[in-house]
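Let's take a walk through this model together, starting at the ligand and moving on to a pair of helices.

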Amino acid sequence: MVLGSTWQRILGTAGSGGEPSQSSPVPSVPAVLSVQELRKVYGSTTAVDGISFEVGRNEIVGLLGPNGAGKTTTINMILGVLEPSAGSIRIEGIDIATDRSQALERTNFAGVYAPLPGNLTVVQNLRIFGLLYGVRNLAERIEALLQQFDLVRLRNVKSGVLSSGEQTRLCLAKALLNRPRLLLLDEPTASLDPATARDIRATIREFAAQDTGGLLWTSHNMYEVEDVCDRVLFLSHGKILLAGDPKTLPRAHGKETLEELFIAVAREPLALERV
Ligand code: ATP
């Protein structure tokens with residue numbers, strides 16, 4: 001089997017422990033994700049500049065910001081793909097620097113930059129990732145996800161020939177395989193038609209409401225962010241410039257819409273810092 005290098009790096013450490021066990025001790029901390037003073041420096045570029053934030057249980061948090069703001073670098077550090085220059089990341093209280101496998105087995109993600117192996121069918125992909133994550137009752141779990149993401153008729157199709165929207169649905173099904181406590185989604189609806197995107201948003205909201213998980217979601221679609229996210233964090237030049245409820249934050253900064261606020265973050269971040 002040939003997995004992309006991103007998957008090998010992620011699964012190389014996350015796959016050994018299996019699903020988070022109901023019986024394993026979970027520290028009684030409220031935050032699914034806790035990031036403290038996180039930094040990443042590349043030579044003279046500070047991609048992430050000492051950010052701190054949390055994602056609570058049943059919470060959907062949007063990580064927003066213009067191109068180059070540091071979103072992907074932040075997500076890659078949370079996934080254990082990139083080593084931070086400084087700071088800490090805890091998933092359900094477990095530090096990924098010291099208890100990497102335990103922390104990462106509670107995590108999953110879907111992102112356009114990590115497509116699934118195209119030479120495997122839909123079911124083969126789900127089976128292999130399910131085995132790597134140590135999912136219990138895997139056959140049953142796969143059938144439920146095929147139904148949930150409308151993939152039943154595509155089960156034996158190689159994922160490389162799926163349309164981009166179908167591939168996104170498969171990536172989301174894979175991301176829920178191990179019932180993650182922390183789900184990271186990078187532009188999850190970017191290639192979906194409006195009707196499918198709405199269904200997927202509903203599925204994600206359901207996951208956040210029913211399971212014990214929380215979500216960190218990146219998107220450039222402000223309508224979607226306002227619709228889905230409980231809270232947003234605006235990154236600019238590696239720092240959190242603004243944070244709050246996407247429905248009230250624009251007015252608090254003299255803007256009509258989240259899109260206007262986004263444009264202001266991108267064009268005049270210093271003016272916003274003074275508000
Ligand atoms: P986009 O919305 O365009 O995906 P982003 O917010 O995800 O942007 P990052 O990809 O995290 O931004 O990049 C943040 C900064 O770090 C950018 O200035 C980028 O050029 C820089 N950067 C990212 N990776 C590296 C690297 N491997 N080496 C040097 N600089 C890097």
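**Around the ligand**

Start with Asn-67, where a polar side-chain atom sits 3.0 Å from an oxygen atom of the ligand. That's a polar contact, meaning a pair of N or O atoms within 3.5 Å. On its own the ligand has 640 Å² of accessible area, and the protein covers 57% of that (Shrake-Rupley method, 1.4 Å probe).

A word on the model: it's predicted, with local features needing pLDDT of at least 70 and side-chain atom pairs counting only at pLDDT 80 or more, while totals for chains, interfaces and linings use all residues. Residues are numbered from 1 along each chain as its sequence is written, and side-chain values use heavy atoms, leaving out hydrogens and water.

Now look at the whole shell: Tyr-42, Ala-47, Pro-66, Asn-67, Gly-68, Ala-69, Gly-70, Lys-71, Thr-72, Thr-73 and His-220 surround the ligand, each with a heavy atom within 4 Å of it. Helix α2 (residues 71–78) gives the largest share, three residues; helices here are DSSP runs of H or I, at least four residues long, numbered from the N terminus.

Next, the helix pair. Helix α6 (residues 164–176) packs against helix α7 (residues 194–210) at about 5°, with the axes 12 Å apart. That makes α6 roughly parallel to α7, a label for angles under 35 degrees. Arg-169, Leu-172 and Leu-176 of α6 meet Thr-196, Ile-200, Ile-204 and Phe-207 of α7, with contact meaning heavy atoms within 4.5 Å.

Terms used:
Axes fitted to C-alpha atoms, helices over the stretch in contact; angles between N-to-C directions. Helix = DSSP H or I, 4+ residues; strand = E, 2+ residues; numbered from the N terminus. Parallel < 35°, antiparallel > 145°, perpendicular 65-115°, else oblique. Polar contact = N/O pair within 3.5 Å; in protein donor to acceptor, adjacent residues only side chain to side chain.
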